[in-house]
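Please keep the sequence and the structure in view while reading.

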Amino acid sequence: MNFQQFLLILLARRRVVLYTLAATVATTLIVSLLLPSQYTAGTAVVVDVKSPDPVMGTVLPGLISPGYMATQIDIIQSDKVAYRVIKMLKLDENPTAREQWQDDTDGRGSIEAYLAGLLKKKLDVKPSRESNVIAISYTATEPKFAQVMANAFAQAYIEANIDLRAEPAKQYATWFVARSKQLRDQLEAAQAKLSAYQREKGIVAVDERLDVESARLAELSTQLVIAQGQRAESGSRQSQARGDAATLPEVMQNSLVQGLKADLARQEAKLEELGAQLGRNHPQYQRLQAEVDALRGKVEAETRRVAGSIGTSNRVNLQKESEIRAALEAQKQRVLELKQQRDELAVLQREVESAQRAFEMVSQRLTQSSLESQVSQTNVVLLNPAAEPVDPSSPKILLNLVLAVFLGSMLGVGSALLMEMTDRRVRAAEDLAEFAGLTVLGVIDARAGQPAKSWLGRFGRFGRRAAA
């Protein structure tokens, strides 16, 4: 089918097209006039995603997430907000609303859920494409009711937003209170344990005591080294005294021994001189010999005494070394005990510090949660309240008529084509060639001398020529 054939079909079926168009337009007009007028009131709220949190002082990461605005729209359309609107306006106490609920549900279910479903059907929420403004509109048969409901949904959304922030904070605060009490008890127990240990061990300043005892240990170690050196030296001199005591420095440096040896040397010289003069048997010689022997005995006795004093000094050094060694071992045990006490005290102190940090952290979070649970501000602000609409938003008669003309035209054309398919007729020369499969040699115009008055006439004449 070409365009010319399509126009010939419409021309032949023009009454069907016109009747269909007229019926569609008339029906649309009647329905639009019979439908009750609907009024739409709208308000807008601004969601500030960049304002800092009043408690934290920083911008929360969730506020700038891509799905945040979609979440806010879902909140506005949620049952929570609808229930708050019902409680705010006391719709569940309205006799008309209760009667309607009884008639529709026979009293089954809750009236709040029933009314929430009805209210959400007339609610329309649209976010702005390039801003953080959310438009809230409500449609009702009464303009005042539409205004009240739009403002109520905006206010309920703001309050619900506050509740959504405050309720988790209240739950956290309750949990932190219990946890804070538990951690406080643990901190007090750790401090009591530390104090009891300090009283038991008599610890005032363990580091100072350890430093003093360590210094004493170092001093005893030094004394032991000195005593060992003295003991080794005295032992060596004692061994020397057992062999040749006369060569000992103590003996050689002893003034009494030196004096006795000098006297002995003089007496021996006199004895030798007297022996040469008088002979060994002379009484003077014998008397001088006795004196020399007595001096020699004194020298030997004094030498033995000095050598004996070296042995006594060695025994004293041995005793001193043993005592210092015992004191050193005792001091080592004391230092080790102090170090063990310091380590145990450090463990207890770390337990106290850990409990203190945990308690301070929980206390800080408790304070923060308590403040958040009492926050009455939100990042949602009412931009402009809804005003009572003057003109109805529906039905839009002019728009409906335009749509009816378009739809009626489509239906008319479709009806004409459908009728043509069920009752196909020859309306042009091309139809003969198509149906009969013959070649058209010529066309005789039945009204060759009459000019066409319009394009309809021309197409009609062309159709009649084809029929002839």
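## Crossing of α4 and α7

Helices α4 and α7 cross in a right-handed sense, in a model that is predicted. Helix α4 spans residues 79–89 and helix α7 spans residues 143–201, and the two pack at an angle of about 120 degrees with their axes 8 Å apart. An angle of 65 to 115 degrees would count as roughly perpendicular, whereas α4 and α7 are oblique to each other.

On the side of α4, the contact is formed by K80, V81, A82, R84, V85, M88 and L89. These residues meet a set in α7 made up of V148, M149, A152, F153, Q155, A156, Y157, E159, A160, D163 and L164. Sorted by class, the contact of α4 with α7 comprises 13 nonpolar, 1 polar and 4 charged residues.

## Nonpolar cores

The largest nonpolar core has 39 residues, and those with the most contacts inside it are I134 and F153; F153 is also one of the α7 residues that meet α4. At least two residues of this core come from each of β1 (39–47), α3 (68–76), α4, α5 (95–105), α6 (111–121), β2 (123–127), β3 (133–140) and α7. Among these elements, α7 gives the most to the core, with 10 residues.

When neighbours within four places in sequence are left aside, I134 is in contact with T43, A44, V45, V47, M69, Q72, I73, I76, V125, K126 and P127.

## Packing of α1 and α12

Helix α1, residues 3–12, packs with helix α12, residues 397–422, at an angle of about 95 degrees, and their axes are 10 Å apart. The two helices α1 and α12 are therefore roughly perpendicular to each other.

From α1, the residues F6, I9 and L10 make the contact, and from α12 the residues V413, A416, L417 and E420 take part. The residues of this contact of α1 with α12 divide into 6 nonpolar, no polar and 1 charged.

Methods
Residues are numbered from 1 along each chain as its sequence is written. This is a predicted model: local features need pLDDT of at least 70, side-chain atom pairs count only at pLDDT 80 or more; totals for chains, interfaces and linings use all residues. Side-chain values use heavy atoms; hydrogens and water are left out. Axes are lines fitted to C-alpha atoms, for helices over the stretch in contact, and angles run from 0 to 180 degrees between N-to-C directions. Helices (H or I, at least four residues) and strands (E, at least two) are DSSP runs, numbered from the N terminus. Angles under 35 degrees count as roughly parallel, over 145 as roughly antiparallel, 65 to 115 as roughly perpendicular and the rest as oblique. Contact means heavy atoms within 4.5 Å. Ala, Val, Leu, Ile, Met, Phe, Trp, Tyr, Cys and Pro count as nonpolar, Asp, Glu, Lys and Arg as charged, and the others, Gly among them, as polar. A crossing is left-handed if the near helix is turned anticlockwise from the far one by less than a right angle, and right-handed if clockwise. A nonpolar core is a set of buried Ala, Val, Leu, Ile, Met, Phe, Trp, Tyr and Cys residues joined through side-chain atoms within 4.5 Å. Buried means under 20% relative accessible area, exposed over 50%, partly exposed in between (1.4 Å probe, protein chains only).
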